[in-house]
Amino acid sequence: MRSCLVLSCLLSLVLTVSAETYVGVAGLLTLPQGGSRMRTVGGAGVRAGAYLSDFWSLEGTAGVEENLALLGVGLLGHCSGWSLYDRYFGYSAFDPFVTIGAKGWIGTDAGQVGPSVGLGAYYHLDDHWSLRADADVTLGLDTDTEVLHTISCGVQYAF
């Protein structure tokens with residue numbers, strides 16, 4: 001399962017070469033639910049992605065959290081690409097989104113891999129720079145079933 005996750009991350013990075021792309025950095029905090037063999041960890045991560053349409057974008061995430069490596073791949077559904085949202089709110093610097101994908105933590109002490117869903121928002125400073133905040137939940141399926149919550153905040157550059 002971990003090799004599938006790594007392959008998916010590499011595929012998402014290759015796809016970014018052919019479309020409007022973005023890269024970003026963020027501070028990460030992983031909060032495992034009670035009873036998990038993982039503990040609360042913090043760190044930093046890098047995201048790279050490509051817009052597939054006005055609504056969808058595909059992205060890969062890589063991060064380091066204390067003694068763990070974080071890898072993820074996912075789809076972002078931008079609410080601003082939805083015609084009903086545009087009709088009521090028009091162009092706005094605030095751009096909420098939903099995410100679906102997979103995440104994995106690999107480390108010497110503990111690790112976990114599984115599907116992930118979340119919510120987040122961009123605040124566009126201009127055509128290229130944006131502030132970004134995310135919150136998601138991952139259902140860890142690697143050993144015991146565990147639930148891990150991740151929050152992140154950072155900056156992103158689109159080109």
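Predicted model: local features only at pLDDT ≥ 70, side-chain atom pairs only at ≥ 80, totals over all residues.
Residues are numbered from 1 along each chain as its sequence is written. Local features need pLDDT of at least 70, side-chain atom pairs count only at pLDDT 80 or more, totals for chains, interfaces and linings use all residues, and side-chain values use heavy atoms, with hydrogens and water left out.

**Exercise 1. The chain as a whole**

Task: State how many helices and strands the chain has, and in which pattern they follow one another.

Solution. 
Step 1. Helices (H or I, at least four residues) and strands (E, at least two) are DSSP runs, numbered from the N terminus.
Step 2. The chain has two helices and eight strands.
Step 3. Along the sequence the pattern reads α-β-β-β-β-α-β-β-β-β.
Step 4. Of the 159 residues in the chain, 42% are buried. Buried means under 20% relative accessible area, exposed over 50%, and partly exposed in between (1.4 Å probe, protein chains only).

**Exercise 2. Strand S3 and its partners**

Task: Find which strands pair with S3, in which sense, and over how many bridges.

Solution. 
Step 1. Two strands pair if DSSP finds at least two bridges between them.
Step 2. S2 (residues 41-51) pairs with S3 in the antiparallel sense over nine bridges. Ala48 stands opposite Gly60 in S3, and a hairpin of four residues joins S2 to S3.
Step 3. On the other pairing, S3 and S4 (residues 68-78) are antiparallel over ten bridges. Here Glu59 stands opposite Gly74 in S4.
Step 4. The hairpin of S3 and S4 has two residues between the strands, and in it Glu66 takes a positive phi near 50°.
Step 5. As for cover, seven of the ten residues of S3 (residues 56-65) are buried.

**Exercise 3. The surroundings of Glu146**

Task: Decide whether Glu146 is buried or exposed, and list what it touches.

Solution. 
Step 1. Glu146 lies in strand S8 (residues 146-158).
Step 2. Glu146 counts as buried because its relative accessibility is 6%.
Step 3. Contact means heavy atoms within 4.5 Å. Apart from neighbours within four places in sequence, Glu146 is in contact with Ser36, Arg37, Met38, Gln112, Thr138, Leu139 and Gly140.
Step 4. With one of these, Gln112, there is also a polar contact between the side chains, at 3.2 Å. A polar contact is a pair of N or O atoms within 3.5 Å; within protein, one must be able to donate a hydrogen and the other to accept it, and residues adjacent in sequence count only if both atoms are side-chain atoms.
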